[in-house]
Amino acid sequence: KSGINQEIVTDIFNKSFTTGERLEAEVQIITANGDEKWVHTVMEADMENGVCIRQFGTFEDITNKVESELNYKLALRKFHDVFEASGVGMLIVDPIDFSITEANPKICETLNYESDHIKASSLERFVSKIEFPRLFNSVTDLLNKKLEHLEIVINLKKSTGRFVVCSVIGTLIEDEHGDPID
């Protein structure tokens, strides 16, 4: 594809030819049929006495991988926009150590804490000591795929020390292989 992609391929071809270096890049090309494809290209050269005697390379079609990554980034951006604008308090919590990685404005308002204060904490800090084992067991069941999603009512501690009743709905976000996403 003309422009920067063509320049990258030309540059790695020329550099490999003159130095013998193995070089690779991900670029967009246009096939003989006029289709746009993303490829991972690798260029190599055999050198003798500083002269290229043979140059070879590969082009691997990575269009599906690139499109999946772009779709993932778009979905993540859309989720983040909804997360931030939601009138419902939301937390994103690591299911292994219960560290809070994100807190939206509504949950900060509800608990009367700044976002940075909440994100520097573990969910355990906000859940009553009596209810935490029940929450822990439910999350364990979610991780072990005994549950498709989590629905539990718990009390969360506000900055005043008082508790507010919250409905916790959770799901495990997985990649295309069914593994949890960090």
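Lys145 sits in the loop between α5 (132-143) and β6 (150-157); helices (H or I, at least four residues) and strands (E, at least two) are DSSP runs, numbered from the N terminus. Phi here is positive, about 60 degrees, even though Lys145 isn't a glycine. Keep in mind that this is a predicted model, where local features need pLDDT of at least 70, side-chain atom pairs count only at pLDDT 80 or more, and totals for chains, interfaces and linings use all residues. Residues are numbered from 1 along each chain as its sequence is written, and side-chain values use heavy atoms, with hydrogens and water left out.

**Positive phi**
- Most residues other than glycine have a negative phi.
- Asn49, which is not a glycine, has a positive phi near 55 degrees, and you'll find Asn49 in the loop between β2 (36-48) and β3 (51-61).

- Lys145 is exposed at 51% relative accessibility, and Asn49 is exposed at 81% relative accessible area.
- Buried residues make up 26% of the chain's 182 (buried means under 20% relative accessible area, exposed over 50%, partly exposed in between, with a 1.4 Å probe and protein chains only).

**Overall layout**
- The chain has five helices and seven strands, in the order α-β-β-β-α-β-β-α-α-α-β-β from the N terminus.
- The chain is more spread out than a compact globule, because its radius of gyration is 26 Å, well over the 16 Å that the globule rule gives for 182 residues (taken over C-alpha atoms; the rule is 2.2 Å times the number of residues to the power 0.38).
- The C-alpha trace spans about 75 × 30 × 30 Å along its principal axes.
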